[in-house]
Amino acid sequence: MSSATSRILLGLFAGGAACGVARADRPEIGAFIDTQQVAETQLHGPGEDDVTYTEVSGTLTAQIKNRRIVASGTYRLSYRMPEMGDVGKNFNQDGLMRLQANLIDEWLTMETGAIITRSRVDATGAAPQFNVGDPQNLAQTYSAFVQPTISHRLGDVSVGLSYRYAYTRNETTQDAPPATGPINDRFDSSKAQRVTLDLGMDPGALPFGWKVASEYRHEDTTNLAENFRSFNVIGEVRLPLSSEPIALVASGGYEQVRTSERSALLDPVTGFPVRGKGGRFVVDPASPRFLTYDVSGLIANAGVIWKPSRRTRMEARVGRRYGDLSVTGLVEMRPDERSGLTFIVSDRVESFGQGLSDGLAGTSPAIDVGQVDPASSYQQCLFGKTKGSGQCVNGALGQASANSYRERAANIIFMRAMRIWTFSGSLGYSRRDYIDNPNSPVSLDGVVDQSFFANMTFGRPLSRTSGLSFSFSGNLFKNGQVGAADVMSGSFSTSYYQSFGRGIRMQASVAVDGSKQDGTTADVSGRARLGLQYRF
């Protein structure tokens, strides 16, 4: 998988460079080799292990932008060599790529993307902040999508048709926890498809704008042969208020969402599901398909859109969906070239695979590859090159459940570059209402989980060749299962770099990591890293 992904990334970047025109921005291609010495010590909690190891890694980055291609990405492969303490050898991969290609002017565009990261697989297990040493409860996660879109204007009417295919997979060799308490099925893989059709008019020829849109979603997940189907048709009217940069918007239509699955094979002695590879439930071959969720009917919402300038947009809507109150919103602010903020409130019936691929597809093809942290357990948010832009995917990666769920989430990404200091970060909240077979002995039907996360970084240059930064990250996972513990974790670190000549950089950092589960002693450790990087 790693070599194939590397070839895909390099091929896409090379294709983007070949399609450029003379006046295009010059492609930015980078290659780095890092060697780091890492030492960790237990400051508080069970165990007194001190470990040291060496990590060697190679990284490729690319940024391409011209009239037809916008592409960006990074890929990193690292190898850890243990020296002292209880830490094993292992390879790690991290990658992120987005590409948008204008194939036929005013007719056809193609988008694709891929991510290689990790996800937290067991809701009752640990929540490590960083992928250092031998972190527990993490799976290697791969997701990719491809999406051609046809769009054209016929007079005053715009027409659009798009199709998206996405594949998501988790790989883990870690054993499942003992079947003595709340247990969950670990996500394996899924194939998702999405088709959208829309046509509409902007205000102008008519005193109002209108749009008719339809969406069909279809996902097949290997866990318990789960099946997801969704279809809707929605009409929307937007009425501008001539005296103010405000428009009233209202929409209504029909929607149907259905999910189904088969039953898990149960152990006749314990009564718990039989676990297969990677701790996943095994399907009972004699079980029929069970409809776990079936909601259909009219949906509607109303709200306002406010655009006081080309740099600011705010939207808020309230309505009824999924048989309940639904609230969504968006705030985008770009007061200048050095500052930005994006705030998104969402409400959708989702799954792990769809949540990750939707977040990847919703990110700008101009990714800020410098914001991708390979040491992180998993990528909380995907940042765009435009200050304060991006998309958060922590709701999916923070808990890789095999079940579908209704997720109501709020995420904010922000950045401010001051005269000396640069400040950036993200905050998020996610509430999941799980969908499951209520007749299962380990059913999650009706269980509600909540997760909170925060990431903040302050940095400044000390000279033309050196700099200093401070960062904080934290997570709180409130488990809704009876008898399951809430999990809290956090990390504070500071780092320093010094460049020598054109291609050599020395990097040093120290960090304190902590985690706490209900009913257990807090686990606190310290970490120091010293490394040398060569830039080609």
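Trainee: Is tyrosine 534 buried, exposed or partly exposed?

Mentor: This is a predicted model, in which local features need pLDDT of at least 70, side-chain atom pairs count only at pLDDT 80 or more, and totals for chains, interfaces and linings use all residues. Residues are numbered from 1 along each chain as its sequence is written, and side-chain values use heavy atoms, with hydrogens and water left out. Buried means under 20% relative accessible area, exposed over 50%, and partly exposed in between (1.4 Å probe, protein chains only). Tyrosine 534 has 41% relative accessibility, so the class is partly exposed.

Trainee: And which class does phenylalanine 536 belong to?

Mentor: The relative accessible area of phenylalanine 536 is 63%. With exposed set at over 50%, phenylalanine 536 is therefore exposed.

Trainee: How many aromatic pairs are there?

Mentor: Rings of Phe, Tyr and Trp (its six-membered ring) pair if their centres lie within 6.5 Å; planes under 30 degrees apart count as stacked, over 60 as edge-to-face and the rest as tilted. By this rule, the count is 7.

Trainee: How are the rings of phenylalanine 423 and phenylalanine 458 arranged?

Mentor: Their centres are 4.6 Å apart. Their planes meet at 20°, so the pair is stacked.

Trainee: Which residues form a cluster through ring pairs?

Mentor: The cluster is held together by ring pairs. Its members are Phe414, Phe423 and Phe458.
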